[in-house]
Amino acid sequence: MSDSNSYYVPHETKWPFLNTVALVVLFIGLANYLNGYNSGMSIMATGLVLLLIITYGWFSDVVSESEAGTYNAQVDISFRWGMVWFIFSEVMFFAAFFGALYYARELSLPWLGGVGSKVSTNIVLWPQFENVWPSNGPTNLGGDFILMKAGGIPAINTLLLLTSGLTVTWAHHGLKEQNRNKLIYGLLLTVLLGFIFVGFQAYEYMHAYSDLNLKMTSGIYGSTFYMLTGFHGFHVTLGAIMLTVIMFRCMKGHFSGDNHFGFEAVAWYWHFVDVVWLGLFVFVYWL
Amino acid sequence: MSANIDKLHDDHHHTPSGIMRWITTTNHKDIGTLYLWFSLIMFFIGGLMALVIRAELFQPGLQLVVPGFFNQMTTMHALIMIFGAVMPAFVGLANWQIPIMIGAPDMALPRLNNWSFWILPFAFTMMISTLFFESGGPAAGWTLYPPLSLQGGDSMPFVILSIHMLGLSSILGAINVIATILNMRAPGMTLMKMPIFVWTWLITAFLLIAAMPVLAGAITMLLTDRFFGTSFFTASGGGDPVLFQHIFWFFGHPEVYILILPAFGIVSTIIPAFSRKKLFGYDSMVYATASIALLSFIVWAHHMFTVGMPLAGEIFFMLTTMLIAVPTGVKVFNWVATMWRGSMTFETPMLFAIAFIVLFTIGGFSGLMLAMVPADFQYHDTYFVVAHFHYVLVPGAVFAIIAAVYYWLPKWTGKMYNESLGKLHFWLTTIFVNLTFFPMHFVGLAGMPRRIPDYAVQFADFNAIASVGAFGFGLSQLLFVYILFDTLKQKVSAEDKVWDGAEGLEWTLSSPPPYHSFEKAPKVE
Ligand code: HEM
Ligand SMILES: [Cu+2]
């Protein structure tokens, strides 16, 4: 079937093109929705469904090729480099938002408060403004709010994610030792921890909106809080879905002790999500 | 590593024909060709917009377009030229050349390669279609500064989402380039034996992966500020419009090096070939490129000297910016030293490469002037800046792309282009490019602001000259298109080793190369 010497080059593919079409439908819908047209939602939903179907098709092809042994060791290395640098690009995406948080806390808010040579900014614009974090800015945008404390749910969530990092490593050992129970229960635990995390996060948002008056519109604190935790939560959700897929693949007997790039890629992704959370916990919730 | 011959032969029978071949292709040469044609089309669309700008600026006063539309033209011109013309051209060259320069059967991730290309036409259709909206296209400049960009019409989310798509395409393309270069080199080709073009692309790919996601972050914040009530860029909520400028330029300055590093690679390939000497200081070229790339992440605020940064910031960014001149100087020195006492000939690619060195250096010098804080207070947002970046981008990046096309076209097509037409194209282009952009230095120093459709009468003469130059430049590029088609029609075939002084694995392949490049990995000494 396969020649372990050859670098596999698929000879044609329809998936990327179709995927782009779906992405464009999704984005046109989103833009219309944002612009306030009613049609937006349904176009967006269509795009999303198409995107999911096509992504499923694309990955199915890749999985069956992989199971058929089409990929030799060199292809495996290409995949690894691909995943590593993809994760790095995600790190840089989060860096932009962490940068915004840093800038707001260390520069723009102190300046609005009249620090150093910026006294006149304060005097001319908002003389009554005193800079204390958390802040929703000199005009008290969104009204008074209560900040999200690091204890409670965020601390529990930290424990959950850290534990899930351990369980996924445990599962990895199971895979390497060909211990199916360890593998599948390890993954099941990881997925559960991931989804519980997302559940807690959703609860926290509801709590913030209904009890704390902490909203996206609550000035720079609300903006950075929801943007960072929101994108992180989205990545956790994606990661948990990918882990679920990997779990089902393991249950079907995919992967072997020395050949399981798909597993490792998702595990790396999971660790990345974990590390970002630590950054969030320290800089968004704690400090 | 050798490709499975049986399987490959099998493939030929299945290769779809017609349009489906191009939609479904995973072949690096097909995809390279798609990228290059796409880039050429975008070059002309962006060029037409530039001509609208220059036509309006031919005389003081408002003649042809309303100011709002003028602003849409400057915005779209820049977005199209940067993301649609120059970047895709470089990716096209990477696709064609990297596998055949390092002895690989194809790019490392062929399906992803197809995806990175096909995102582009869709994204640009979406972006350009906004020009036909009732509220018009984006008009806040390619830098999308808030608060102005937040006040745009319906085009705003479309433009932002299309830029997200462009970023996705670039990141996927960059990942593919890195995986290919790190993993697909023929045995014996160590990193320090790689062709210099491959080196520059490797470094460019890292810049892309580090910079594009930051742009994605910045424009996402624009989107939420406008539609979800966040206040990243609103002072009343504790944010700051200047924050956007920091994040944007943290992407933006590495981006300008994304637009020039592959050009450095091309020039470093062509100059030795026509000087019949080895590249002078190969190692120092590699290190210079890497240091330029690293430095490019700590100079960004030289675009914002006038926003009112603390003095320490102004000085830091001034010094780091000037530091970049050192590795850039190393490069220029090495190119000149390569030509020194070489047996030089001046075929079209060489002409464009030499013009690159001279004219890019002019752009480098005006960059140094802009890098001085007190001087920049005078120059900022004037036509002097426009002159600067057009000197580095047109006779810089674009000349390198044209040089590369002339240099490798015989390899790609198996046909030789018409040398005298090529030379004619070179002279027309070079004369008109200077006619267009040199006068901009003068009006800029005298204080003519950029991105304004009208100007004071004392700037009239130089503007008229620039407009004539621009139309001449645009028309000369029609000759380029003619030469391309003329080449395809030529009867005589090109030799495998088209240029006697050229070096590299690509010249060991036939012209045109076989559909699957190196089925058996070559040996590199
Ligand atoms: C010696 C190296 C260079 C130096 C010292 C330099 C310096 C500068 C400075 C200080 C500015 C800001 C001017 C202002 O807005 O007041 C600027 C603008 C610009 N530079 Fe350079 N530059 C250099 C090379 C390049 C290269 C290689 C490129 C691209 C290939 C480039 C592209 C641009 C662009 C596009 C802008 C204007 C962006 C905008 O405001 O729209 N520069 N440069
Ligand atoms: Cu710059």
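**Close-up views of salt bridges and a helix contact**

**View 1. B:R21 is partly exposed, with a relative accessibility of 27%.** The terms used here are buried for under 20% relative accessible area, exposed for over 50%, and partly exposed for values in between, computed with a 1.4 Å probe on protein chains only. The model is predicted: local features need pLDDT of at least 70, side-chain atom pairs count only at pLDDT 80 or more, and totals for chains, interfaces and linings use all residues. Residues are numbered from 1 along each chain as its sequence is written, chains are lettered from A and ligands numbered from 1 in the order in which they are written, and side-chain values use heavy atoms, with hydrogens and water left out. B:R21 forms a salt bridge with B:D30, at 2.6 Å from N to O; the term denotes a side-chain nitrogen of Lys or Arg within 4 Å of a carboxyl oxygen of Asp or Glu. B:D30 is buried, at 4% relative accessible area. Over all chains, 10 salt bridges are counted by this rule.

**View 2. A salt bridge joins A:R80 to A:E264, at 2.8 Å from N to O.** The pair links distant parts of the chain, 184 residues apart, with A:R80 in helix α3 (residues 73-112) of chain A and A:E264 in helix α8 (residues 261-286) of chain A. Helices (H or I, at least four residues) and strands (E, at least two) are DSSP runs, numbered from the N terminus. A:R80 is partly exposed at 21% relative accessibility, whereas A:E264 is buried at 15%. A network of salt bridges links A:D76, A:R80 and A:E264.

**View 3. A:E177 and A:K182 form a salt bridge, with their closest N and O atoms 3.3 Å apart.** A:E177 is partly exposed, at 47% relative accessibility. A:K182 counts as buried, at 17%.

**View 4. Helix α2 (residues 39-67) of chain A and helix α5 (residues 110-129) of chain B have axes that come within 13 Å and cross at roughly 160 degrees.** This makes α2(A) roughly antiparallel to α5(B), a term for angles over 145 degrees. The axes are lines fitted to C-alpha atoms over the stretch in contact, and angles run from 0 to 180 degrees between N-to-C directions. In α2(A), A:W58, A:V62 and A:E65 meet B:R111, B:L112 and B:W115 of α5(B), where contact means heavy atoms within 4.5 Å. The residues of this contact comprise four nonpolar, no polar and two charged; Trp, Val and Leu are among those classed as nonpolar, and Glu and Arg among those classed as charged.

How values were computed. Angles under 35 degrees count as roughly parallel, over 145 as roughly antiparallel, 65 to 115 as roughly perpendicular and the rest as oblique.
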